[in-house]
Amino acid sequence: DKMFVCPVHNDHDPSLGIIKSKDGDICHCFGCNFWGNVVELHQRVSKRHFKKYLSEEEAVRDLCKIFKVDFEELPKEDLNSNL
């Protein structure tokens, strides 16, 4: 029930929401119609704001570094389903 300013497009009014689903949290922007998980959101934000084109694995590794999570400790079955 919280809305955020979307970092995927020029947004001034909160239009991005987080939807909880059985498959995990999904981001949806009602302004630009972006749908994706946190990894896909990170890829899009990295591309738009930093001109970094990240693969899914690079995005996961980058998020691990940001949140101080050991990439090697991630459950491999979860990782493989996202990559």
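Colleague: Which residues form the largest nonpolar core?

Modeller: This is a predicted model: local features need pLDDT of at least 70, side-chain atom pairs count only at pLDDT 80 or more, and totals for chains, interfaces and linings use all residues. Residues are numbered from 1 along each chain as its sequence is written, and side-chain values use heavy atoms, with hydrogens and water left out. A nonpolar core is a set of buried Ala, Val, Leu, Ile, Met, Phe, Trp, Tyr and Cys residues joined through side-chain atoms within 4.5 Å; buried means under 20% relative accessible area with a 1.4 Å probe, protein chains only. The largest such core has eight residues: Cys6, Val8, Leu16, Cys27, Cys29, Phe34, Leu41 and Val45.

Colleague: Which elements give two or more residues to this core?

Modeller: Elements are DSSP runs numbered from the N terminus: helices are H or I with at least four residues, strands E with at least two. The chain runs β-β-β-β-α-α-α from the N terminus on. Two or more core residues come from each of β3 (24-29) and α1 (38-50).

Colleague: What does Cys29 touch, leaving out residues up to four places away in sequence?

Modeller: Contact means heavy atoms within 4.5 Å. Cys29 is itself one of the eight core residues. Its partners are Cys6, His9, Ser15, Leu16 and Phe34.

Colleague: Which elements do the buried residues of α1 pack against?

Modeller: The buried residues of α1 are Val39, Leu41, His42, Gln43, Val45 and Ser46. Leu41 and Val45 also belong to the largest nonpolar core. The buried set packs against β3 and α2 (56-66).

Colleague: Is Gln43 buried or exposed?

Modeller: Gln43 sits in helix α1. It touches Lys52, Leu54, Ser55, Glu56 and Ala59, not counting residues up to four places away in sequence. Its relative accessible area is 18%, so Gln43 is buried.

Colleague: How many residues are in the other core?

Modeller: Start from the largest nonpolar core, which has eight residues. Apart from it lies another core, with Ala59, Leu63, Cys64 and Phe71 among its members. That other core has seven residues.

Colleague: What share of the chain is buried?

Modeller: The chain has 83 residues. Of these, the buried share is 31%.

Conventions:
Buried means under 20% relative accessible area, exposed over 50%, partly exposed in between (1.4 Å probe, protein chains only).
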